[in-house]
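User: Hi, could you walk me through this structure? I am new to it.
Analyst: Gladly; let us look at it together.

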Amino acid sequence: MVVDDEALVRSGFELILNASEGIHVVATAEGVQAADVIRREHPDVVLLDIRMPDVDGLTVLREIQRLPAPPVVAMLTTFDTDEYILTALRSGAAGFLLKDTEPEQLAHLVRTLAAGGVVMSPKASRALLRGHPGAEAPQVAEDVARVNLLTDRERDVLVLIAEGLSNADIGTRIHLSAGTVKDHVSSILTKLRVAGRVQAALLAERAGLLSDHGGNTAQGKGR
């Protein structure tokens, strides 16, 4: 489902995605209609504009998150430095996409979202994942302490979560069953005291875990 205040954007995304194998756009809507349409159509993935004149995307995101079985939500924006992105990620969004994303990349990123992966625009800067430049030392120390609770294998899984991989892809990469990966992910979220994969990736970045591994930030990359 595509939620945007501009009809041209909605129709463009619908055309591109419906032409992609395995993807069907069940509905498009403006922001004020979004929650009602989601209740009716039950989409697996929602692409949600972060800035809309009638209602802002963060308000819609919070309304979606209160639904009994909320879909995966990725935010749509025109700028990779949008000041609201970090708030959206911390509020449960599974990533964000720029509206000028290439058509073939758009379809791939939607499939990544549907598979439980994390997606970030390839143009996103590492500064975005770090949150506020020059984060408070006590916060960084707390993040490091949480990461230190993880086992070596859980750290490996966390790095791959931050790369945007789904559980199945993580299992393939490090030779574990999907069920074992799922258990590791659950343990990671519990130990880090976060609600989802994006928040875990943000915390890992602030704690320096990703730079220690020399990895890339979460971008929903091709596999």
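User: Leaving aside its neighbours within four places in sequence, which residues is Met1 in contact with?
Analyst: Met1 is in contact with Ala27, Ala29, Ala34, Val37, Ile38, Pro43, Val45, Val46 and Leu47, where contact means heavy atoms within 4.5 Å. This is a predicted model, in which local features need pLDDT of at least 70 and side-chain atom pairs count only at pLDDT 80 or more, while totals for chains, interfaces and linings use all residues. Residues are numbered from 1 along each chain as its sequence is written, and side-chain values use heavy atoms, with hydrogens and water left out.

User: And which residues have the most contacts inside the largest nonpolar core?
Analyst: Those are Met1, Leu48 and Met75, in a core of 30 residues. A nonpolar core is a set of buried Ala, Val, Leu, Ile, Met, Phe, Trp, Tyr and Cys residues joined through side-chain atoms within 4.5 Å, and buried means under 20% relative accessible area with a 1.4 Å probe, protein chains only. Among the elements that each supply at least two residues of this core are α2 (34-41), β3 (45-49) and α11 (197-206); helices (H or I, at least four residues) and strands (E, at least two) are DSSP runs, numbered from the N terminus. Apart from it lies another core, of 24 residues, including Val181 and Leu203.

User: Which residues of α2 are buried?
Analyst: In α2, the buried residues are Ala34, Ala35, Val37 and Ile38. They lie on the same side of α2 because they cover an arc of only 165 degrees around the axis, taken from the directions from the helix axis to the C-beta atoms. The buried residues of α2 pack against β1 (2-3), β2 (28-29), β3 and α3, and just after α2, His42 takes a positive phi of about 55 degrees.

User: Switching to pockets, what volume does the largest one have?
Analyst: The largest pocket has a volume of about 360 Å³, the space filled by probe spheres set on grid points joined across faces, edges and corners. On a 1 Å grid over the protein atoms alone, a pocket is an open set of points where a 1.4 Å probe fits, with protein on both sides within 12 Å along at least five of seven lines, and lining residues have an atom within 4 Å of a point. Of the 19 residues that line the largest pocket, the closest to its centre are Gly92, Ala94, Ala195, Gly196 and Arg197.

User: Which element gives the largest share of that lining?
Analyst: The largest share, three residues, comes from α11.

Definitions and conventions:
Buried means under 20% relative accessible area, exposed over 50%, partly exposed in between (1.4 Å probe, protein chains only).
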